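Colleague: Could you take me through this model? I'll ask as I go.

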Amino acid sequence: MLDDKRLLGELKHGNNEALRQIYMEYKDNLLTIAVSLLHDPWAAEDVLHDVFVSFAAGVRGFKIRGTVKNYLIASVVNRARDVFRRKKHHLVELDEAGPIAADSGDPQWSAAFSEDARLLTDALAQLPPDQRETIILHLTGGMKFREIARMQGISISTVQGRYRYGLEKLRAILKDG
């Protein structure tokens with residue numbers, strides 16, 4: 001785990017290596033979240049890069065509460081929502097989307113796009129957006145229900161309900177598929 005406060009301080013003083021370290025630490029997780037939300041790897045990569053460009057440009061004025069990871073996750077989710085709303089009718093079908101080129105060489109990243117993961121991603125796409133987002137933030141983003149509730153501006157019980165109902169729908173979709 002990165003020392004977020006130290007790196008933010010260095011970044012605010014112009015240390016680009018601090019930005020690189022933050023990017024390298026969180027990029028794969030953030031890209032997975034964006035792809036899961038948008039179902040379009042190219043749009044997800046654009047979202048990731050837009051988030052980091054905005055983060056780097058505005059870091060001097062930021063007052064981040066919580067962790068850098070949660071801040072970046074919230075930024076990716078908000079940007080993905082914007083893209084989803086703008087391009088709702090232009091989404092790429094999963095079988096039309098090509099693989100994402102990851103430069104990390106991480107075996108876990110490669111496994112994320114195996115056949116089982118593709119089936120899960122397809123099933124996630126069938127969930128209502130609020131349930132899909134909650135499941136992705138909790139499982140992929142590692143966020144606690146309390147953090148998701150704060151980020152989405154809803155109660156913890158609503159988050160828990162979305163998560164529970166989403167998992168039930170996922171089980172039914174995967175069972176029938």
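Predicted model: local features only at pLDDT ≥ 70, side-chain atom pairs only at ≥ 80, totals over all residues.

Colleague: How many helices and strands are in the chain?

Modeller: The chain has 9 helices and 0 strands. These are DSSP runs numbered from the N terminus, H or I of at least four residues for helices and E of at least two for strands. Along the sequence the pattern reads α-α-α-α-α-α-α-α-α.

Colleague: What percentage of the residues count as buried?

Modeller: Of 177 residues, 38% count as buried. Buried means under 20% relative accessible area, exposed over 50%, and partly exposed in between, with a 1.4 Å probe and protein chains only. The accessible surface of the chain is about 10200 Å², and 52% of that belongs to carbon and sulfur atoms; the areas come from the Shrake-Rupley method with a 1.4 Å probe, and for residues only the protein chains shown count as cover.

Colleague: Switching to His-138. Where does His-138 lie?

Modeller: His-138 is in helix 7, residues 129-139. His-138 counts as partly exposed because its relative accessibility is 25%.

Colleague: Which residues does His-138 touch?

Modeller: Leaving out residues up to four places away in sequence, His-138 touches Met-143, Lys-144, Phe-145, Ile-148 and Tyr-163. Ile-148 is 10 residues from His-138 along the chain, with 7.7 Å between their C-alpha atoms.

Colleague: At what angle do helix 7 and helix 8 pack?

Modeller: Helix 7 and helix 8 (residues 145-152) pack at about 135°, and their axes are 10 Å apart. Helix 7 is therefore oblique to helix 8. The axes are lines fitted to C-alpha atoms, for helices over the stretch in contact, and angles run from 0 to 180 degrees between N-to-C directions. Under 35 degrees counts as roughly parallel, over 145 as roughly antiparallel, 65 to 115 as roughly perpendicular, and the rest as oblique.

Colleague: Which residues meet there?

Modeller: Glu-133, Thr-134, Leu-137 and His-138 of helix 7 meet Phe-145, Ile-148, Met-151 and Gln-152 of helix 8.

Colleague: New topic. How many salt bridges does the structure hold?

Modeller: The structure holds 8 salt bridges, each being a side-chain nitrogen of Lys or Arg within 4 Å of a carboxyl oxygen of Asp or Glu.

Colleague: Glu-133 came up already. What does Glu-133 form a salt bridge with?

Modeller: Glu-133 pairs with Arg-81, with 2.3 Å between the closest N and O atoms. This pair links distant parts of the chain, with Arg-81 in helix 4 and Glu-133 in helix 7, 52 residues apart.

Colleague: Is Glu-133 buried or exposed?

Modeller: Glu-133 is buried, at 8% relative accessible area, whereas Arg-81 is partly exposed at 26%.

Colleague: What about Asp-50, what does Asp-50 form a salt bridge with?

Modeller: Asp-50 forms a salt bridge with Arg-79, the closest N and O atoms being 3.8 Å apart. Asp-50 is in helix 3 (residues 41-58) and Arg-79 in helix 4 (residues 68-86), 29 residues apart. Asp-50 is partly exposed at 37% relative accessibility, and Arg-79 is partly exposed at 27%.

Conventions
Residues numbered from 1 in each chain as written. Heavy atoms only, no water. Contact = heavy atoms within 4.5 Å.
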